[in-house]
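Welcome! Please take a moment to look over the sequence and the 3D view, and then we will walk through them together.

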Amino acid sequence: MPAASAARRRRRVAVALLALAFAGAAVWLTLTAGNPFPPRTIIMATGPPGSAFSEFGVRYREVLRRSGVEVRLLQTHGGAENLERLRDPHSGVSVAFVEGGLTSPDQSSDLVSLGTVSVEPLWLFFRSGARVGAPGGLAGKRLSIEPEGSATRVLARRLLALNGVSDSSLQLLGLPPQRAADALLRGDLDGVVLLTSLRSPVVRRLLLADGIVLQGYPRADAYVALFPSLTKVVLPTGVADLARNIPPHDVPLLAVEASLVVRRDLHPSLHYLLLEAASEIHGGPEIFQRPGRFPSAEGVDLPLSGEARQFYQSGLPFAYRTLPFWLSGITDRLLLLLIPLLVVILPALRFLPGLYGYVVEHRIYSLYGQLRILEGELEDTGQGAALDSIAAELEDLA
């Protein structure tokens, strides 16, 4: 093969190999960088048995199982312990329920929120004979405020201190919700404090129990003004049992909003899957919420994840709406890679015809110049070996 033709062939092969290398590198980065495949198992920290968080966890496990994701539920003492487990990268916990007022972005820089998912009232149940009319009436009472690690304990102590009630002036116990309810019904306790949803089996049990009274917060507005993480809700008259008119009057309660919190390194596909599950689980009407109130784009203590912001602004991305869960993440990454490339390539296509014309014209002029040279040599050369040399050069120009 003539040298010039071989050189052109080598250039074409080199360009093709370079294009394949770039395409292969793009696919490799898409499939390997940043853990593109979502895990098939995640650990969710919930709450103690009998709490709403524990009930929610069971529903999340059922919903995510449809997409082939196993949710292992870890029962804890509550939101404070959930927060500590999320902060620990070695705990294995990647998602949990956390009440507002427990942390901040500086304290939990590795965590992000998927939004608020429920209202958690602070319930105060007392035996009818031990009911208190003011915080000062708590002196000497036997009161359970849940174990260490619960948000109930943190909030209860804040409110007691705000009212000038010291821990030493009453008997504070740290019983889990179910055990506390049993002790209250037996008469071993004077009161129980719970921070949980109305969905909690323990709350429903105590609301309907004979001899147990729900204590309200007459100064709820003042507490909300002092603690912005708190909100005021009202339990309507008779809502627990219309036939027995329980409660017998409207009860003002303090409440916090609970968020679904995840580690920043949790796979983006699972952010979207958890948000879809949250819409199904928390989206219905409740006594303290209208339909569609939750999940809500409220970061409370922590910022929303990028996926959560997109979910609340425009819904699920196209790939997650149309493709199976395990394929959607990879497709989404490919789209993110290809779109910037197309932004560069498409405008460049407008210049290709002119560029092609310039290259062809340049090639023609170059060949014409070489032909003029060979024509001059041909006029000056007679027959013989010289003609064979010129013929070989003409063949190279082809």
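## Where to begin

Is F56 buried or exposed? F56 is buried, as its relative accessible area is 3%. Here, buried means under 20% relative accessible area, exposed means over 50%, and partly exposed is in between, using a 1.4 Å probe and protein chains only.

Before going on, please note that this is a predicted model, in which local features need pLDDT of at least 70 and side-chain atom pairs count only at pLDDT 80 or more, while totals for chains, interfaces and linings use all residues. Residues are numbered from 1 along each chain as its sequence is written, and side-chain values use heavy atoms, with hydrogens and water left out.

## Aromatic pairs

A pair of aromatic rings is described by the distance of the centres and the angle of the planes. Rings of Phe, Tyr and Trp (its six-membered ring) pair if their centres lie within 6.5 Å; planes under 30 degrees apart count as stacked, over 60 as edge-to-face and the rest as tilted. Searching the whole structure gives six aromatic pairs. One of them joins F56 and F97: it is tilted, with 6.0 Å centre to centre and 50° between the planes. F56 belongs to helix α2 (residues 52–65) and F97 to strand β3 (residues 93–99), so this pair ties together parts that are 41 residues apart in sequence. Helices (H or I, at least four residues) and strands (E, at least two) are DSSP runs, numbered from the N terminus.

F97 is buried too, at 0% relative accessibility. Y217 and Y223 have ring centres 6.3 Å apart and planes at 85°, so their pair is edge-to-face. Both Y217 and Y223 are buried. Ring pairs also link F53, F56, Y60 and F97 into a cluster.

## Strand β10 and its partners

Now look for strand β10 (residues 251–263), where twelve of the 13 residues are buried. Two strands pair if DSSP finds at least two bridges between them. β3 and β10 run antiparallel, joined by five bridges, and here F97 has L260 as its bridge partner.

Strand β4 (residues 111–127) is also antiparallel to β10, with eight bridges; in this pairing P121 stands opposite A255. Strand β9 (residues 230–235) pairs with β10 in the antiparallel sense over six bridges, and L235 has V251 as its bridge partner.

## The parallel strands

Which way do strands β1 and β2 run? Strand β1 (residues 41–45) and strand β2 (residues 70–74) run parallel, joined by five bridges. M44 is the bridge partner of L73 in β2. Three bridges join β1 to β3, again parallel, and M44 has V95 as its partner in β3.

β1, α2 and β2 make a right-handed β-α-β unit. Right-handed means that, with the strands pointing away from the viewer, the path from the first strand over the helix to the second runs clockwise.

## Nonpolar cores

A nonpolar core is a set of buried Ala, Val, Leu, Ile, Met, Phe, Trp, Tyr and Cys residues joined through side-chain atoms within 4.5 Å. The largest has 57 residues, and W123, F125 and L253 have the most contacts inside it. β4 gives the largest share of this core, seven residues. Apart from this core lies another, of 33 residues, including A258, V262, L275 and A277.
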